[in-house]
Amino acid sequence: MDNNTLLFQDKGSGGFKDVRIYPNRIEVFKKGTFGGKHIEIVYLKDITGVNRIKGRNVFLRNRLLTACVFCLSSRSRAQEFVNVLNMVM
């Protein structure tokens, strides 16, 4: 599988405008506080597991012992996000 193959995409909610899972990374297109936009990348090799799903938020554990939080559009999309993540890891 190529590293640029899109496995999951969601429009996100709040400051998260687009959440995508690729075979080696998670890309999040975020909206900044003052109207700016940027892409945040989290590599899957740094993620150790899923901490919990609360509503439409997914909390991931990483090697630095900090939480990565992703806000998705709905609870079912959050569960699908975790399922795809477990399939890749």
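Hi everyone, one definition to begin: buried means under 20% relative accessible area, exposed means over 50%, and partly exposed lies in between, with a 1.4 Å probe and protein chains only. By that rule Phe81, at 0% relative accessibility, counts as buried.

Now, what we have here is a predicted model, where local features need pLDDT of at least 70, side-chain atom pairs count only at pLDDT 80 or more, and totals for chains, interfaces and linings use all residues. Residues are numbered from 1 along each chain as its sequence is written, and side-chain values use heavy atoms, leaving out hydrogens and water.

On to the rings. How many aromatic pairs does the structure hold? There are two, where a pair means Phe, Tyr or Trp rings (six-membered ring for Trp) with centres within 6.5 Å; planes under 30 degrees apart are stacked, over 60 edge-to-face, and the rest tilted.

Phe8 and Phe81 are edge-to-face, 5.7 Å centre to centre with 65° between the planes. This pair links strand β1 (residues 8-10) to helix α1 (residues 75-88), 73 residues apart; these elements are DSSP runs numbered from the N terminus, helices being H or I of at least four residues and strands E of at least two. Phe8 is buried too, with a relative accessible area of 3%.

Next, Phe70 and Phe81 have centres 5.6 Å apart and planes at 50°, so that pair is tilted. Phe70 lies in strand β7 (residues 67-71) and Phe81 in helix α1, so the pair ties together parts 11 residues apart in sequence. Phe70 is buried, like Phe81. Put together, ring pairs link Phe8, Phe70 and Phe81 into a cluster. Thanks, all!
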